[in-house]
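Q: Could you walk me through this model? I'd like to go through it piece by piece.
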Amino acid sequence: ARFADVGGARRLKRWVEQRRAPFVQDPPPPGLEPPKGVLLLGVQGCGKSLLAKAVAGGFGVPLVRLDFGTLYDKYHGETEKNLRAALASTEQLAPCVLWIDEIEKGLAAGNGENDGLSRRVLGYLLTWMAERKSRVFLVATANQVHELPAELLRKGRFDEIFFVDLPDAETRAQVLDLHLRRRGLDPAAFDVAALVQACEGFSGAEIEQGIVAALYAAHAENAALDDALLLAALRTTSPLSA
């Protein structure tokens, strides 16, 4: 993905652009070290996963996704072995971006029988994050910040923590523009200001699904998509933030 495919997130886009050269250059410019990673927190459906993909595009390097669900094994020691192998394989692809989606699901500490295993996995991951020398940029996303271990949030684990919030009016206009153009529609043919007001409180995913619903309605009526159909679809959608 490219940052041009993402509405909003100006701070993150500028942050990545400033660090692109130090990350891809080997050796990095004098006095600078390659950036290590970022944690993206925020509301569901607001583009954290898309941003993670776009970070790799912003750096111009490959994207690798680590699925914690495939690491866990019922036999003692196998999970940690799988994690070591996965991280070692990722380092062979450096420079690259390593994306861990919904990291809290793989590392959340609880009172169950797997709590000890989660702590060992967390311990190894934290050690790797602190000591790795390879140019692997870690992007982790999380929906439930209260489920994340405190050790992961300590200053220095990530270079920066970004909160991805519900889009403001300007960002909603960008999201509408992106999704209309993606479907071969000209945003200039629609009353974007009215649409932006109608989708206040919507996440990016909810805006997209509103457009999809309006397109289905237009197809069923054998008519062209217009403002009335779009507004009707948006007004019948109840956002999670409501």
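Q: What do the buried residues of helix 2 pack against?
A: Keeping in mind that this is a predicted model, the buried residues of helix 2 pack against helix 1 and against strand 1, strand 2 (63-66), strand 3, strand 4 and strand 5.

Q: And which residues of helix 2 are the buried ones?
A: The buried residues of helix 2 are Lys48, Leu51, Ala52, Ala54, Val55, Ala56, Gly58 and Phe59.

Q: Let's move to helix 1: where does the kink lie?
A: The kink in helix 1, of about 35°, lies at Gln18, shortly before the proline Pro22. Helix 1 has 15 residues and a reach of 21 Å from first to last C-alpha, which is close to the 21 Å expected at 1.5 Å a residue.

Q: Which residues of helix 1 are buried, and what covers them?
A: Leu12, Trp15, Val16, Pro22 and Phe23 are the buried residues of helix 1, and what covers them includes strand 1 (37-42), helix 2, strand 3 (96-100), strand 4 and strand 5.

Q: Switching to pockets, how much space lies in the largest pocket?
A: About 820 Å³ lies in the largest pocket. Its lining consists of 37 residues, of which Gly7, Cys46, Gly47, Leu51 and Val164 are the closest to the centre. The elements giving two or more residues to that lining are helix 1 (10-24), helix 2 (48-59), strand 4 (136-142), strand 5 (160-164), helix 7 (169-182) and helix 9 (204-220).

Q: Which element gives the largest share of the lining?
A: Helix 7 does, with 5 residues.

Q: How do the lining residues divide into nonpolar, polar and charged?
A: The lining of the largest pocket divides into 16 nonpolar, 11 polar and 10 charged residues.

Q: What about Ser203, buried or exposed?
A: Ser203 counts as buried because its relative accessible area is 3%, and the cut-off for buried is under 20%. Ser203 is found in the loop between helix 8 (192-198) and helix 9. Leaving aside neighbours within four places in sequence, Ser203 is in contact with Gln44, Gly45, Cys46, Leu166 and Pro167.

Q: And Pro149, where does that one lie?
A: Pro149 lies in the loop between strand 4 and helix 6 (150-153), and at 6% relative accessibility Pro149 is buried as well. Apart from neighbours within four places in sequence, Pro149 is in contact with Leu107, Arg119 and Leu122.

Q: Why is Ala85 partly exposed rather than buried?
A: Ala85, which lies in helix 3 (residues 78-92), counts as partly exposed because its relative accessible area is 42%, whereas buried would require under 20% and exposed over 50%.

Q: Last topic, the protein chain as a whole: how many helices and strands does it have?
A: The protein chain has 10 helices and 5 strands, and along its principal axes the C-alpha trace spans about 60 × 50 × 30 Å. Of its 242 residues, 40% count as buried.

Q: What share of the contacts comes from residues 24 or more positions apart?
A: Among contacts in the protein chain with a separation of 6 or more, residues 24 or more positions apart account for 77%.

How values were computed. Residues are numbered from 1 along each chain as its sequence is written. This is a predicted model: local features need pLDDT of at least 70, side-chain atom pairs count only at pLDDT 80 or more; totals for chains, interfaces and linings use all residues. Side-chain values use heavy atoms; hydrogens and water are left out. On a 1 Å grid over the protein atoms alone, a cavity is a set of points where a 1.4 Å probe fits but cannot get out, and a pocket is an open set with protein on both sides within 12 Å along at least five of seven lines; lining residues have an atom within 4 Å of a point. Grid points are joined across faces, edges and corners, and a volume is the space filled by probe spheres set on the points. Helices (H or I, at least four residues) and strands (E, at least two) are DSSP runs, numbered from the N terminus. Ala, Val, Leu, Ile, Met, Phe, Trp, Tyr, Cys and Pro count as nonpolar, Asp, Glu, Lys and Arg as charged, and the others, Gly among them, as polar. Buried means under 20% relative accessible area, exposed over 50%, partly exposed in between (1.4 Å probe, protein chains only). Contact means heavy atoms within 4.5 Å. The expected span of a helix is 1.5 Å times one less than its number of residues. The bend at a residue is the angle between axes fitted to the seven residues ending there and the seven starting there.
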